[in-house]
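Q: Please take a close look at the pockets of this model. What lines them, and how do the helices beside them pack?

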Amino acid sequence: MSVTIGATPILTDVSLDVSPGEFVGLIGPNGSGKSTLLRTIYRSIRPCGGVVLLGATDVWAMSARAAAQHTAAVLQNSPTPPGLTVREVAELGRTPHHGMFDRATRADHEIVADALERTGMLDHADRIYGSLSGGERQRVLLARALAQQPKLLVLDEPTNHLDIRARFELLELVHTVGVTTLAVLHDLDLAARSCDRLVVLNHGRIVAAGPVLEALSPAVLSEVFGVTAVTERHDDGIVRVTYGARPLAKAS
C-alpha cells in the first residue's frame, strides 16, 4: 500500500498483517508515517495504491457506517464534549449500529455497561467526563471503542500525556480485552513490554517486523532510532530495552 499527500510520498509499498487477537505495535521516528498508516485503516486517508483489507473486504469498499461497525479508533486528542457523563461517552460507541431515529435498546445498555466494567469505569458511569484524570479519560475512550464491538481496534499514541503507572495500566488493559489491536507507540520500552509483535517504520517504509526481540535488534535501534541499545527478555519474562553508557549511536 502507498499513500501520497499532495506531491509528497508518505508511505511506500507498506504491507503488514495483524492476526486475530494480536496486539501489534507500530513504532518509528517522528514523521515515519505511523499515524498516516492508521488513518488509511480507519478511512481517513485513501491510499493511492494497494488495499486495506479487513478479513477479505476492502475497507474502502464499505460504507462509512459499516466500516465503523468493524473498526474502532482511539486517537490523540479525540474530540469529546466535556459535559457528557462517562456513560454517555461510552454510549457513543453504539452510534454506528443505529439508524438516525433508532433508540438505544436494552442490549445496547448491556453492551455499554460491559465495556465500562471491562475498562474499570462502571463505578464512575455518572461522573462528568471532563472531571476525569488523563488515564481515566483514556479508559472511557477505550470503553467507547469496545462498545462498538469492533473486530479491529486502532490506537494512536494512547499513552500520550499519561503518567507512567497509567501507561502500564492502559496497555495491560488493552492486552486483556481480546480485540485485535494495532497501536502507534512512541515509548520503545512500553512497546517491547506490551506488544506481541512490532512493525518498525522509517521514511514511510517498513524496515523491520516480527517478534519484539527481532524487530528491535541492536542494528535497528542504531540505524532507525539513533541509539546504542539491546533488547533482552529478563527472568521475569518482561522484554526491556537497555541503553548503553553512550546511548546515542554514531552518525553514519
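A: In this predicted model, the largest pocket holds about 580 Å³ of space. Its lining is made of 21 residues, and those closest to the centre are Leu16, Asp17, Val18, Leu53 and Leu54. Helix 1 (34-41), strand 4 (53-54) and strand 8 (180-184) each contribute at least two residues to this lining. Sorted by class, the lining of the largest pocket comprises 14 nonpolar, five polar and two charged residues.

The second largest pocket has a volume of about 360 Å³. Here 20 residues form the lining, with Ala68, Thr71, Ala72, Ala73 and Gln148 closest to the centre. At least two lining residues come from each of helix 2 (64-70), strand 6 (71-74) and helix 5 (134-147). The lining of the second largest pocket divides into 13 nonpolar, five polar and two charged residues.

Two packed helices are described by the angle between their axes and the distance between the axes. The crossing of helix 4 and helix 5 is right-handed. On the helix 4 side the contact involves Ile111, Val112, Ala115, Leu116 and Arg118, and on the helix 5 side Ala143, Leu146 and Ala147. Of the residues in this contact, seven are nonpolar, none is polar and one is charged.

How values were computed. Residues are numbered from 1 along each chain as its sequence is written. This is a predicted model: local features need pLDDT of at least 70, side-chain atom pairs count only at pLDDT 80 or more; totals for chains, interfaces and linings use all residues. Side-chain values use heavy atoms; hydrogens and water are left out. On a 1 Å grid over the protein atoms alone, a cavity is a set of points where a 1.4 Å probe fits but cannot get out, and a pocket is an open set with protein on both sides within 12 Å along at least five of seven lines; lining residues have an atom within 4 Å of a point. Grid points are joined across faces, edges and corners, and a volume is the space filled by probe spheres set on the points. Helices (H or I, at least four residues) and strands (E, at least two) are DSSP runs, numbered from the N terminus. Ala, Val, Leu, Ile, Met, Phe, Trp, Tyr, Cys and Pro count as nonpolar, Asp, Glu, Lys and Arg as charged, and the others, Gly among them, as polar. A crossing is left-handed if the near helix is turned anticlockwise from the far one by less than a right angle, and right-handed if clockwise. Contact means heavy atoms within 4.5 Å.
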